Amino acid sequence: MLRIPTIFKCDREGLVLYQQVAEQLAEHIRTGVFAEGERIPSIRKLHQQWGVSQSTALAALSALEAQGLIEARPRSGFYVKALPERLQVEEHVPAPVAVSRHQLINHVLNQSRQPGLMHLGAAVPETVFLPQEILRRISNRCLREQPGLITDYAFPPGNKTLRQQIAVRMQAAGCSVSASELLITQGCQEALSLCLRVLAQPGDLIAIESPAYHGLLQALEALGLQALEIPCDPARGMDLEALAAAIQEWPVKACVVSANFSNPTGSLMPDEHKQRLVSMLSEAQIPLVEDDTYADLHYGRRQPHPLKAWDREGNVLYCSAFSKTIAPGFRVGWVAGGRYHQQLQQLLTVTTMASHALSQQVMAEYLHSGDYDRHLRKVRRQYRQQLHNLVDALYASGLPVAWSLPQGGFLLWLILPAEVDALAVYEQMLQKGISVMPGSLFSASERFRHCMRISIAVSQPDWSLLVAALRGSLTD
Ligand SMILES: Cc1ncc(COP(=O)(O)O)c(C=O)c1O
């Protein structure tokens, strides 16, 4: 008999109950606890054994059915289907590829920024999700008290108070870092680029998640690095068996991972995987670049641990930013570079030389004000609600689509039927006034052509418009 899953007790409380049940059952299917063709617990059993209401159990089973994981057989129950190809984690390790995505990515990003669209494309929160008013007040006060800030440089390693504030937050998430081990960068993108430049030379191989954040692919391309795309599970992130095989087979120079709510799937790597990943790469002496941009947007009660929390040897180069939570335009990010700190600082000094003092000071004072946690509580609630509404709309639509179940962040990965070209769907949706991100932007090798990423960080979205546009494109 299955016990009540721990998921109900600890780290995934942020999901609505039926999603928790669905996610737990999906986990059992993915890990083979329920084999293909096997009958899974009935509504009555879920009610009796898992302690959830019959309607919650029904909603969970229906969600799994909509995702193609199970099928209802009349008067018999729900059975595990053969995993549709589109949801399976690939087992083989792909060969390294040179990246050539910049033109397509730039084209889509430029189109998606046009005014007047329903902006579900770029991962940029609309201003209602940012603490604009309080930042304006702090900026005014800073300028009154220190007029020079409007023109001043902030030299590396960056504003000391800001680094102290960040160090306190990282310590609370389980990392043992101090302010002196941090460098302030121009957003997370600069932090990632600096790490790659310190760690690798043109032609080198970098293991990345598949699908991966398109800005990372662009950085690899600009630096002449090759991508080794490691398959990822939409819920649990990178497949560590595949990574282990890849580092045996290829001379991997570094690995880049977003363990907490990856872009685009929103996957969250379980703690035991995080621990294993950090020790595997440390033993193999392969530096691990962590992109933790979305960690503050967790839907559960507790902040998930970063990979850095298990780093004992300075092998993890931790990158993050406040671009998704406070102010994208401030360009305030940071890197805790472990044993590469000095090299990173030198490179930062000769490339950027200095940043704008005002945005760093305002960010420091904003963090010090204590408003950030209150703001995060509010936006997490809002994103969670938006996500539930979107999932409900997709589920009710009956469209032949599947989706990831993110546990944080504001991105949803939508999986269309395998034969659909999401780039064509994207163009048609643009004509209908909706921008999304086609899936091929997230792979160096034409994977995910039938997927798309949707940002839910939009104010008062009318999901029926998205559903109607999708329906139109899928039935054209
Ligand atoms: C996963 C991830 N990393 C890094 C970045 C870059 O962030 P920033 O604007 O701080 O440079 C983004 C932005 O979309 C992102 O989604």
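Predicted model: local features only at pLDDT ≥ 70, side-chain atom pairs only at ≥ 80, totals over all residues.

Reader: Ok, what domains does the assignment give?
Author: Domain 1 (6-83), domain 2 (101-127 + 375-475) and domain 3 (132-372). Those bounds come from an automatic or database domain assignment.

Reader: How far apart are the centres of domain 2 and domain 3?
Author: Their C-alpha centres are 25 Å apart. Domain 2 puts 34 residues into the contact and domain 3 puts in 32, with contact meaning heavy atoms within 4.5 Å.

Reader: And how much area is buried between domain 2 and domain 3?
Author: About 2,900 Å², with carbon and sulfur atoms giving 59% of that.

Reader: How many salt bridges across that interface?
Author: The rule finds one between domain 2 and domain 3; it asks for a side-chain nitrogen of Lys or Arg within 4 Å of a carboxyl oxygen of Asp or Glu. R447 and E229 pair up in a salt bridge, at 3.0 Å from N to O.

Reader: What about polar contacts there?
Author: There are 21 residue pairs in polar contact between domain 2 and domain 3, both residues at pLDDT 80 or more. That means N or O atoms within 3.5 Å; within protein, one must be able to donate a hydrogen and the other to accept it, and residues adjacent in sequence count only if both atoms are side-chain atoms.

Reader: Which element gives the largest share of domain 2's side?
Author: α13, with seven residues of the side that touches domain 3. Helices (H or I, at least four residues) and strands (E, at least two) are DSSP runs, numbered from the N terminus.

Reader: Switching topic: how many salt bridges in the whole structure?
Author: The structure has 14. One more to look at is R137 with E133, where the closest N and O atoms are 3.7 Å apart.

Reader: Why are R137 and E133 about one helical turn apart?
Author: Because they sit four residues apart in helix α5 (residues 132-145).

Reader: Last one, how many helices and strands in the chain?
Author: The chain has 15 helices and 19 strands.

Technical notes: Residues numbered from 1 in each chain as written. Heavy atoms only, no water. Buried area = accessible area lost by both parts, 1.4 Å probe.
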